[in-house]
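Q: Please take a close look at a single part of this model, and then say how it sits among its surroundings.

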Amino acid sequence: MTENQEYDVAIVGAGAAGLGAARALTQQGKSFVLFEASHRIGGRGYTEEVLPGVPFDLGCHWMHSASLNPMVKFADDFGVSYTKGRSSRAIHSNGKWSDDDDFADWDSFNERQQKLIEKSALSDTDCSTFDATEREHRWTPLYDYWSSVLASCDVDQISIADFMAYNDTGENWPLKGGYGTLLSHLGADFRVSLNCAVQTINWSDKGVKLDTTKGTVRAKRVLVTVSTGILAAGDISFVPELPDWKSEAVSGLPLGNHNRICLAYDRDVFGTDVPSGVTTDAIDDVPMAFDIRPFGFNYVVGLTGGRFADWLERAGQQASLDYAEKKLQALFGSDITKHVTAHIVTAWRSDPWTKGAYSCALPGQAHQRAELAKPIDEIIYFAGEATSPEFYSTAHGAFLSGIAAAEEMT
Ligand SMILES: Cc1cc2nc3c(=O)[nH]c(=O)nc-3n(C[C@H](O)[C@H](O)[C@H](O)COP(=O)(O)OP(=O)(O)OC[C@H]3O[C@@H](n4cnc5c(N)ncnc54)[C@H](O)[C@@H]3O)c2cc1C
């Protein structure tokens, strides 16, 4: 990259949105430079091996709304294997495993909560999931826990207008080979400036001038795909500053937190009868869901969300492991963690290039996704999961937003 060269577009961030944009700009024959602050592409799509040959997704894992999800075709094309969901489930509640009646009760409670949200959404005033739903039921803590995992924020922070805008077909297909693996295939054809953080975007003159940790570059336009966590922290300086309406959009769409605590075993300690999804509905504690031996791999994954995820992340990696182990022992006996040989504990709030998990529109702020997506003076464009009207918080939503922004530039 040279200071004298002017690219058509500078893309900031090589996550799903940046890769979607890079693909679209390539098809348009535009010149672009793609900056990525970290040492790898994929952003919040990141697969590591927890055991030799055993992939584990630290970030996105499921292809949501699969029949509308362009990633399914890419997974087929690149040979990244997936399944069409994991089905068996169990809830451990009040010290015992739930029976069919409990499940029927839990399902009908969820339906009632959904109807309450739909009813509230008819009102002119947006409110939170907390305000819209039943609060005193035995299943309320479990409902709130799942909300915090799915939205990465707690029920009092989730706008029901935003919740209703999400396009959920109910098809959630997990990638055995890893979502991060899929994204690295998608980025394999592009030259990416890795370890190259954009520090300043100067748009005071014609086009843009970007100061990066590796030098200065000029482009006609810039596409910013970093998370709202990064934008809110002011990690990139804009000269002149972004207009107030754009800053308000960023503030209305904060990142929540969602962490995955993976415990890997040197053998199968669960056997074949254990359901693939187990949730503890602890009355005096925060519930926790586990994915047990996904795809037959010898690991389990515990999930945390919202403020509790932040709290546990601050307590540290060992505290997170201890917590997950204690929960597993309460479910399966104290020997169940004897053969744990490896682990990965995510810490998305502390990730310097993300600063959280995914965006959540605060009550009254659902319209900010459209505001965040709007370009400024046909020079600064925005993409990323937070800008997606119907597939926010997802990798495919981010990818599609990158394509849409690139197309809007033509
Ligand atoms: C734990 C977890 C589980 C999830 N599960 C799912 C799931 O199952 N299914 C699903 O669809 N989605 C899931 N998601 C959400 C999904 O991962 C994200 O919505 C999506 O990957 C976001 O893509 P993006 O391009 O918008 O942002 P990012 O992936 O954050 O990409 C932005 C990029 O910008 C880079 N960057 C930051 N600052 C700078 C800078 N100054 N200069 C240059 N580069 C910079 C970052 O390093 C990053 O690579 C999950 C996320 C998490 C954290």
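A: Aspartate 377 is exposed, because 8 other C-beta atoms lie within 10 Å of its own; a residue is exposed at 12 or fewer such atoms, buried at 20 or more, and partly exposed in between, with C-beta atoms placed from the backbone. The model is a predicted one, in which local features need pLDDT of at least 70, side-chain atom pairs count only at pLDDT 80 or more, and totals for chains, interfaces and linings use all residues. Residues are numbered from 1 along each chain as its sequence is written.

Aspartate 377 is in the loop between H12 and strand S18 (380–382). Helices (H or I, at least four residues) and strands (E, at least two) are DSSP runs, numbered from the N terminus. The phi of aspartate 377 is near 55°, a positive value in a residue other than glycine. Most residues other than glycine have a negative phi, and most peptide bonds are trans.

Lysine 355 also has a positive phi, of about 65°, although it is not a glycine. Lysine 355 belongs to the loop between S17 and H12. Lysine 355 is buried, because 21 other C-beta atoms lie within 10 Å.

The loop between strand S17 (340–345) and helix H12 (368–373) also holds alanine 347. Alanine 347 counts as partly exposed because it has 16 C-beta neighbours inside 10 Å. Leaving out residues up to four places away in sequence, alanine 347 touches Asn259 and Glu313; contact requires C-beta atoms, placed from the backbone, within 7 Å. Glycine 316 is 31 residues from alanine 347 in sequence, and their C-alpha atoms are 8.8 Å apart.

A further backbone feature is the cis peptide bond from valine 239 to proline 240, with omega near -5°. Proline 240 lies in the loop between strand S12 (237–239) and helix H9 (244–252).

H13 is mostly covered, with 11 of its 14 residues buried. Among them are His396, Phe399, Leu400 and Ile403.

In the contact between them, 11 residues of domain 1 meet 14 residues of domain 2.

Note on methods: Contact = placed C-beta atoms within 7 Å.
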